[in-house]
Amino acid sequence: MGESERYRKGLERLQEMRNSSPIGARLCEIAPDLNRYIKEFAFGDVHSRPGLCKRERELVILASLATQGYAHEELKSHINMALNIGISKEEILEVFIQLAVYAGFPAAVNAVFLAKDVFDRRSEPFPKESTGQ
């Protein structure tokens with residue numbers, strides 16, 4: 001598959017996910033080649049592989065980005081894409097709660113705070129804390 005085909009496939013995948021992240025545009029200002037590599041490799045090659053559905057793939061990505069602890073822009077972008085494909089805010093929060101056990105509370109707390117930022121920007125109500133009753 002040629003480079004232009006990989007790029008096209010990456011763009012199609014981003015459109016399927018209704019990507020609205022400013023990451024690509026910001027990269028084009030300073031490092032357009034890096035933006036192209038992300039579209040070709042991450043979205044054209046890896047995201048487009050068979051084996052996982054979009055939903056499963058996004059849940060894996062959310063967990064991975066949250067455990068890194070430094071990929072804030074990317075995590076916000078993928079929280080948005082997860083919501084765009086029908087993953088609920090409750091499911092996203094559950095992923096991050098599970099991370100507290102395996103990646104530590106700081107990773108989980110930071111991911112939840114980033115999710116709240118995304119939810120607030122999308123004007124979606126943030127789930128209320130359960131009283132346990």
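Guide: Happy to! A word on terms first: axes here are lines fitted to C-alpha atoms, for helices over the stretch in contact, and angles run from 0 to 180 degrees between N-to-C directions. Please keep in mind that this is a predicted model.

Let's look at helix 4 (residues 54-68) and helix 5 (residues 72-84), whose axes come within 10 Å and cross at roughly 160°. Angles over 145 degrees count as roughly antiparallel, and helix 4 and helix 5 are therefore roughly antiparallel to each other. Their crossing is left-handed. On the helix 4 side, the contact is made by Glu 58, Ile 61, Leu 62, Leu 65 and Ala 66, which meet Glu 74, Leu 75, His 78, Ile 79, Met 81 and Ala 82 of helix 5. Sorted by class, this contact holds eight nonpolar, one polar and two charged residues.

Now for the spaces. Leu 65, Ala 66 and Leu 75 are among its lining residues. Helix 4, helix 5 and helix 7 (105-121) each supply at least two residues of that lining, and helix 7 gives the most, with four. The cavity lining has seven nonpolar, three polar and no charged residues.

The largest pocket has a volume of about 530 Å³. By class, the pocket lining has ten nonpolar, nine polar and four charged residues.

How values were computed. Residues are numbered from 1 along each chain as its sequence is written. This is a predicted model: local features need pLDDT of at least 70, side-chain atom pairs count only at pLDDT 80 or more; totals for chains, interfaces and linings use all residues. Side-chain values use heavy atoms; hydrogens and water are left out. Angles under 35 degrees count as roughly parallel, over 145 as roughly antiparallel, 65 to 115 as roughly perpendicular and the rest as oblique. A crossing is left-handed if the near helix is turned anticlockwise from the far one by less than a right angle, and right-handed if clockwise. Contact means heavy atoms within 4.5 Å. Ala, Val, Leu, Ile, Met, Phe, Trp, Tyr, Cys and Pro count as nonpolar, Asp, Glu, Lys and Arg as charged, and the others, Gly among them, as polar. On a 1 Å grid over the protein atoms alone, a cavity is a set of points where a 1.4 Å probe fits but cannot get out, and a pocket is an open set with protein on both sides within 12 Å along at least five of seven lines; lining residues have an atom within 4 Å of a point. Grid points are joined across faces, edges and corners, and a volume is the space filled by probe spheres set on the points.
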